Amino acid sequence: KYALLPGGSSRKQSRGFLPLNSFSQQVRIQALEGGLAAESRSGMGGCFSGDVPGGTEAVGGGATGAAAGQGQGQGGPNEALDHFLQGHGLRGLYTPLELSFSASKLRDMDALSKSDPMLVVYTKMDGRLEEIGRTEVILNSLEPLWITKTMINYQFEIVQPLVFRIYDIDTKYHNTPVKMLNLAQQDFLGEAFCNLSEIVTKFNHSLSLNLRNGSGHALQGTMTVHAEETASSRMAVEMTFHCLNLDNKDTFSKSDPFLRVSRLSESAVAIPICKTEVINNNLNPVWRPITLTSQQYSSRDDPLLVECFDFDASGNHELMGALQTTIAQLENLYKSKAGANFYSKKGQKKLKGQLFLDTFQEKVQHTFLDYISSGFELNFMVAVDFTASNGDPRTPQSLHYIDPSGRLNSYQQAILGVSEVLQFYDKDRRFPAWGFGAKMPQGPVSHCFNLNAITNDCEVVGFEGIMSAYSSTLYSVSLSGPTLFGPVINKAAEIASHSAQYGNNRYFVLLIITDGVITDEQETKDSIVRASDLPLSILIVGVGNADFTQMRTLDADLGKRLQSSTGRVATRDIVQFVPMREVQAGGQVTVVQSLLEELPGQFLEYMRTRGIKPQPPQHASAPPAYPPPPQL
């Protein structure tokens, strides 16, 4: 999701839309990764922001805008396309990974030779195994190093369990294609389990696992799985555009221009990859820098279409000019300090408006996995609402009711779901856990108290520790009020600020679970604005049937960043709010997916805008594989 929703200029009235003719043949947005295709009519009507009035923010331009790189959350190859898909209820872009396999000290199942191993990979979905790949058969080897890879899409916001099974293929089946082999007719050498996130968080993306039998008992042998992002350049180009002498399309004011950049396919289909923010009432606009990755523009000599539109709140943006170019030509334009003229909608008439480049810089654009695999951590924190509006925990009607049958209440579902995903990105798995809005046994109402009452330490161990501390706290405090977010946000910000003073490889994620309306709205906004400079994101889950309209103002998905009481604007959007009942009613995605989908982008925006780079891999010194050549 990217911040391109209502919240922009609304002063313009809807105007008659001018079709773009040759520039605006139906724009086909193709999601090759997911096999999806969606068409939008000419103009901006169905592209990025045009579906919703007020889309004045930049999108698809990399690290500097509000949409600083998620792609599944993860600095993906086409952020603008990702926004389009998500805006239309389609989930398409992930990080493609290639899995490689090896094994060691396998059991020898053959009498006169060694085993002939083959490995089969499964994903686990809803308790069922789904096969996603098989390796080739390696003859006579107890130390196989398979060549055949398995492709899988890594998705940050869900747990992705993997199962690996190794078989000794009987000699009589050696001429049978591996896809046709009946596994029930082969000797079972062992199996291993892990989650995909356990692999990608390893420093070298490699994870070794002990083999077990079907009952879980240890067997002889180990296997190693290695994950690698599919071959793609991390090179990107950062450019700053400005225009001069644009034609005015308005009668009583000046136009509100923005740029859209599209890649032209071999069949001349325009595939949108980026748009700038809107500059209001200006015919000589200067936009914030945009960053295009090599995945977006393909190659330096592939054609690009640059269009300048006059923004209209109705979504019917009017073309102010267009030109065709390439990355190589844009670099030459920058070096020459000259301007390139726009052309009319059919390309017949040269216009007086010109496009200039103020900066052009090639750089490396690191991905979310680059940071995670080099030792960066996501540190999880949780704060639970203990106000009286939740109801008496002893009654089944309460949102805090602990069901003796083991059925989880809404608070437990949110804690378990988010912590299950994030625990793999936190090395020590020690999580600060707080409550707010309850009266202490021997004191007043507290708006930030430790759930771990046994040691009075804010940290608990693992998600099991959070669940246990939550349950015990319910019966040791009195639910009270009011609902204040400020104290817990300030406490989380204090931890993040302290950590940032001693290193930059930790990023903090605060989960707040609440049932109602906050009474310190402005104080909460002030806290969020201050925290927007820190390595911190805030996830808010609304449980129950309260009116959560107020909560949505904390989430800057409407294209307008929070402003403090002193007029300071948040550096970036760090809040994601999800009402549990609405997501559950939709049924297409889980609450956890909705909560976490923006997190990789927020992480990347923080790191990139501060120039923080992944740590380079540290390779242990090893003896040379071959002796040096003899000296002459």
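Phenylalanine 386 counts as buried because its relative accessibility is 0%, where buried means under 20% relative accessible area, exposed over 50% and partly exposed in between, with a 1.4 Å probe and protein chains only. This is a predicted model, in which local features need pLDDT of at least 70 and side-chain atom pairs count only at pLDDT 80 or more, while totals for chains, interfaces and linings use all residues. Residues are numbered from 1 along each chain as its sequence is written, and side-chain values use heavy atoms, with hydrogens and water left out.

Phenylalanine 449 is buried as well, because its relative accessible area is 7%. Phenylalanine 386 and phenylalanine 449 form a tilted aromatic pair, with 5.7 Å from centre to centre and 50 degrees between the planes; rings of Phe, Tyr and Trp (its six-membered ring) pair if their centres lie within 6.5 Å, and planes under 30 degrees apart count as stacked, over 60 as edge-to-face and the rest as tilted. This pair links distant parts of the chain, 63 residues apart, with phenylalanine 386 in the loop between β19 (377-385) and α6 (410-422) and phenylalanine 449 in strand β23 (residues 449-450). Helices (H or I, at least four residues) and strands (E, at least two) are DSSP runs, numbered from the N terminus.

## Other aromatic pairs and charges over rings

The structure holds 17 aromatic pairs. One of them joins phenylalanine 156 and phenylalanine 368 in an edge-to-face arrangement, at 5.3 Å centre to centre and 80 degrees between the planes. Phenylalanine 156 lies in the loop between β6 (150-154) and β7 (161-168) and phenylalanine 368 in helix α5 (residues 368-373), so this pair ties together parts that are 212 residues apart in sequence. Phenylalanine 156 is buried at 0% relative accessibility, and phenylalanine 368 is buried with a relative accessible area of 1%. Both belong to one aromatic cluster, whose members also include Tyr371, Phe376 and Tyr606.

Charged side chains also meet rings: the charged end of arginine 165 sits over the ring of tyrosine 122, 5.4 Å from its centre, and that of lysine 275 sits over the ring of phenylalanine 258, 5.0 Å from its centre. Here a charge sits over a ring if NZ of Lys or CZ of Arg is within 6 Å of the ring centre and within 35 degrees of the ring normal.

Strand β26 (residues 506-514) runs parallel to β27 and is joined to it by seven bridges, two strands being paired if DSSP finds at least two bridges between them. Valine 509 has serine 537 of β27 as its bridge partner. Five bridges join β27 to strand β28 (residues 575-579), also in parallel, and leucine 539 has glutamine 576 of β28 as its bridge partner.

Aspartate 533 is placed in the loop between α9 (521-531) and β27 (536-542), and counts as partly exposed because its relative accessibility is 31%. Leaving aside neighbours within four places in sequence, aspartate 533 is in contact (heavy atoms within 4.5 Å) with Arg568, Thr571, Tyr606 and Arg610.
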